[in-house]
Amino acid sequence: MAFFLFAILILMVPSSNAYWPPSPGYWPSSKFRSMSFYKGFRNLWGPQHQSLDQNALTIWLDRTSGSGFKSVRPFRSGYFGASIKVQPGYTAGVITAFYLSNNEAHPGFHDEVDIEFLGTTFGKPYTLQTNVHIRGSGDGRIIGREMKFHLWFDPTKDFHHYAILWSPKEIIFLVDDVPIRRYPRKSGATFPLRPMWLYGSIWDASSWATEDGKYKADYKYQPFVAKYTNFKASGCSAYAPRWCHPVSASPYRSGGLSRQQHSAMRWVQRYHMVYNYCQDPKRDHSLTPECWG
């Protein structure tokens, strides 16, 4: 009888592996120094919707405007991270973003690597969207390469660190140093190689952000607030000498992921990935050859 009760108790205790990712064994965020906001960035738009307090940047969206910021320097590779906290409650239609882009240098023909929080409705989790655009535009011809996740924690409760590692041969998305996606370079046609700047923003994307536009931004809940701190942007700037070596997100200087990092990433994709463009039968995969094989 005692053994039976013990077995029942074991079943009632949740396995930590079922709710939290296994350790990646390596923490790339610890390898790069944080920078002050004004050392690395400037306001891009909505200056009246942006404030800085002890290096924690707050930006917000209301009926009149959102806000965005941009790195001072362009990069051709690097590690780009920030600790971010998003607003709880009704945030449908609102996008909080941290991304690389060269859209101002190449309008209508730009590259972009995105981390985006897609706003939500009461009682539903945020969706974290990762995306890669190659020489695309916002005029309907853009080819998205989205992978979406419901995180293993509530991103409204505290700051968590979100990062992009971009090198000439791969892009790795990380959350609290756990790799959640690796996008390898399979050809020059499907990989961003031109210099990009680092951006952050909050804006109204009601036409598509929440359940494909089903739920819109409702300004009776304004302002919609996002907070950023612990900024990191380290790597080869566009002005660095040619011998500048790309940084790595793994213990290996050559890049890639360790076996332990791969294991953590597989766990996240198994339990928390909710959309993978390569597995979407409605997509025209002749446009995304990196999905083949």
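The structure is a predicted model, in which local features need pLDDT of at least 70, side-chain atom pairs count only at pLDDT 80 or more, and totals for chains, interfaces and linings use all residues. Residues are numbered from 1 along each chain as its sequence is written, and side-chain values use heavy atoms, with hydrogens and water left out.

**Annotated residues**

- An unreviewed UniProt entry lists Glu112 and Glu116 under "active site"; UniProt positions are given in the numbering used here, feature names are shortened, and annotations may be inferred rather than shown by experiment.
- Both Glu112 and Glu116 belong to the lining of the largest pocket. On a 1 Å grid over the protein atoms alone, a pocket is an open set of points where a 1.4 Å probe fits, with protein on both sides within 12 Å along at least five of seven lines, and lining residues have an atom within 4 Å of a point.

**Glutamate 112**

- Glutamate 112 is part of strand 7, residues 110-118 (strands are DSSP runs of E, at least two residues, numbered from the N terminus).
- Its relative accessible area is 13%, so glutamate 112 is classed as buried (buried means under 20% relative accessible area, exposed over 50%, partly exposed in between, with a 1.4 Å probe and protein chains only).
- Leaving aside residues up to four places away in sequence, glutamate 112 touches Tyr99, Leu100, Ser101, Asn131, Val132, His133 and Met196 (contact means heavy atoms within 4.5 Å).
- A polar contact of 3.0 Å links the side chains of glutamate 112 and histidine 110 (a pair of N or O atoms within 3.5 Å; within protein, one must be able to donate a hydrogen and the other to accept it, and residues adjacent in sequence count only if both atoms are side-chain atoms).

**Glutamate 116**

- Glutamate 116 is also placed in strand 7, and is buried at a relative accessible area of 7%.
- With residues up to four places away in sequence not counted, glutamate 116 touches Ile95, Thr96, Ala97, Thr127, Leu128, Gln129 and Trp208.

**Disulfides**

- The model has two disulfides (pairs of cysteine sulfur atoms within 2.5 Å).
- Cysteine 236 is joined to cysteine 244 with an S to S distance of 2.1 Å; the S-S torsion is about -95°, so this disulfide is left-handed.
- Cysteine 236 is buried, at 1% relative accessibility.
- Cysteine 278 is joined to cysteine 291 with an S to S distance of 1.9 Å; the torsion of about -75° makes this disulfide left-handed.
- Cysteine 278 is partly exposed at 29%, whereas cysteine 291 is buried at 17%.
- In sequence order, the bonded cysteines pair 1-2, 3-4.

Notes:
Helices (H or I, at least four residues) and strands (E, at least two) are DSSP runs, numbered from the N terminus.
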